[in-house]
Amino acid sequence: MPSPRRNAEGRPLGASVSSSSSSPGSPAHGGGGGRFEFQSLLSSRAPGTDPTCARLRASESPVHRRGSFPLAGTGPSQAPSPPLPEEDRMDLNPSFLGIALRSLLAIDLWLSKKLGVCAGENSSWGSVRPLMKLLEISGHGIPWLLGTLYCLFRSDSWAGREVLMNLLFALLLDLLLVALIKGLVRRRRPAHNQMDMFVTLSVDKYSFPSGHATRAALMSRFILNHLVLAIPLRVLIVLWALILGLSRVMLGRHNVTDVAFGFFLGYTQYSIVDYCWLSPDNARVLFVLWKQQ
């Protein structure tokens with residue numbers, strides 16, 4: 001009787017076919033063999049057994065992508081991100097002083113806009129604007145300089161010339177300091193201001209500090225200390241200085257802080273003039289030249 005046909009492995013052909021058809025991992029059962037081989041491949045590459053897979057998984061982690069905690073064995077470590085500049089850190093975490101200054105600036109702008117009732121002809125107090133502009137001229141530097149020079153040349157007493165010479169020195173010092181600070185700070189005038197001022201220069205487009213306020217404080221203190229006036233006139237001088245400073249805000253020329261600092265600067269300027277008082281003893285050259293003329 002002929003022997004049954006055998007396959008290449010020496011098993012009967014029928015047994016091979018039946019075993020392959022009944023095996024759960026055979027292709028006849030929907031690709032179970034492929035699934036078995038894939039699971040075997042995963043089990044052979046379990047975590048901790050293949051460093052390549054560990055490196056791939058570590059590089060895909062969010063922590064590694066951010067570069068916060070570089071893992072060992074993943075190649076050259078990335079350089080940390082550069083720190084924020086100092087001004088950016090201040091903006092992100094402002095100090096108490098910065099918050100206070102910003103709040104003060106906001107209040108200053110709001111109050112200046114509310115008080116600018118004479119900023120235009122159509123404002124609530126627009127009818128008073130011509131009077132305020134006349135008061136503006138009374139605090140301008142050019143009339144004060146021309147008036148001082150005229151009185152200085154017309155004076156015939158040495159005591160009067162000494163006072164007028166120091167008044168001229170005070171006015172020149174005021175113009176110099178105000179122009180210097182305006183050029184350094186460069187704060188723009190309020191948006192509701194109309195540039196129709198009396199004889200402006202290049203630095204007059206800036207707002208801080210108010211030159212009229214500094215001049216009002218300087219001149220009022222100078223006059224009260226070196227002129228003998230009756231009490232009503234002394235009160236009138238003080239009122240002139242205060243109303244002049246207020247008119248700068250009402251006309252929309254300056255903010256409130258510009259006028260406040262102007263008063264402080266003018267008050268300080270007189271202290272400088274009084275400390276450096278020019279007299280025939282310490283400024284002999286000036287008085288000798290004046291005597292020759």
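**Ground rules.** I am reading a predicted model, in which local features need pLDDT of at least 70 and side-chain atom pairs count only at pLDDT 80 or more, while totals for chains, interfaces and linings use all residues. Residues are numbered from 1 along each chain as its sequence is written, and side-chain values use heavy atoms, with hydrogens and water left out.

**Salt bridges.** I searched the whole structure for salt bridges and found six, a salt bridge being a side-chain nitrogen of Lys or Arg within 4 Å of a carboxyl oxygen of Asp or Glu. I looked at Arg248 and Glu136, which form one with their closest N and O atoms 2.7 Å apart. Arg248 lies in helix H11 and Glu136 in helix H7, so this pair ties together parts that are 112 residues apart in sequence. For the helix names I note that helices (H or I, at least four residues) and strands (E, at least two) are DSSP runs, numbered from the N terminus.

Are these two residues buried or exposed? Arg248 counts as buried because its relative accessibility is 1%, and Glu136 is buried as well, with a relative accessible area of 2%; buried means under 20% relative accessible area, exposed over 50% and partly exposed in between, with a 1.4 Å probe and protein chains only.

Glu136 also forms a salt bridge with Arg253, where the closest N and O atoms are 3.0 Å apart. This pair links distant parts of the chain, 117 residues apart, since Glu136 is in helix H7 and Arg253 in the loop between H11 and helix H12 (256-275). Arg253 is buried too, at a relative accessible area of 0%.

I then turned to Arg215 and Asp174, whose side chains meet in a salt bridge at 3.2 Å, N to O. Arg215 lies in helix H10 and Asp174 in helix H9, so the pair ties together parts that are 41 residues apart in sequence. Arg215 counts as buried at 6% relative accessibility, and Asp174 counts as buried at 0%. Elsewhere in my list, salt bridges that share partners join Asp108, Arg187 and Asp258 into one network.

**Aromatic rings.** A search of the whole structure gave me five aromatic pairs; rings of Phe, Tyr and Trp (its six-membered ring) pair if their centres lie within 6.5 Å, and planes under 30 degrees apart count as stacked, over 60 as edge-to-face and the rest as tilted. Trp144 and Trp240 form a tilted pair, at 6.1 Å centre to centre and 50° between the planes. Because Trp144 lies in helix H8 (residues 141-154) and Trp240 in helix H11 (residues 231-250), the pair ties together parts 96 residues apart in sequence. I also noted that Phe208, Phe261 and Phe264 form one aromatic cluster.

**Charges over rings.** The charged end of Arg161 sits over the ring of Trp158, 5.1 Å from its centre, and Arg221 lies over the face of Tyr267, at 3.9 Å from the ring centre. A charge counts as over a ring if NZ of Lys or CZ of Arg is within 6 Å of the ring centre and within 35 degrees of the ring normal.

**The record.** UniProt, in an unreviewed entry, places the feature "transmembrane region" at residues 167-185 and 222-243; its positions are given in the numbering used here, feature names are shortened, and annotations may be inferred rather than shown by experiment. In the model, residues 167-185 are 100% helix and 0% strand, with the end C-alpha atoms 27 Å apart. Residues 222-243 are 82% helix and 0% strand, and there the end C-alpha atoms are 18 Å apart.

**Backbone.** Most residues other than glycine have a negative phi, and most peptide bonds are trans. I found that the peptide bond from Phe208 to Pro209 is cis, with omega near -5°, and that Pro209 lies in the loop between H9 and H10. Arg186, in the loop between H9 and H10, has a positive phi, near 55°, and Arg186 is exposed, with a relative accessible area of 55%.
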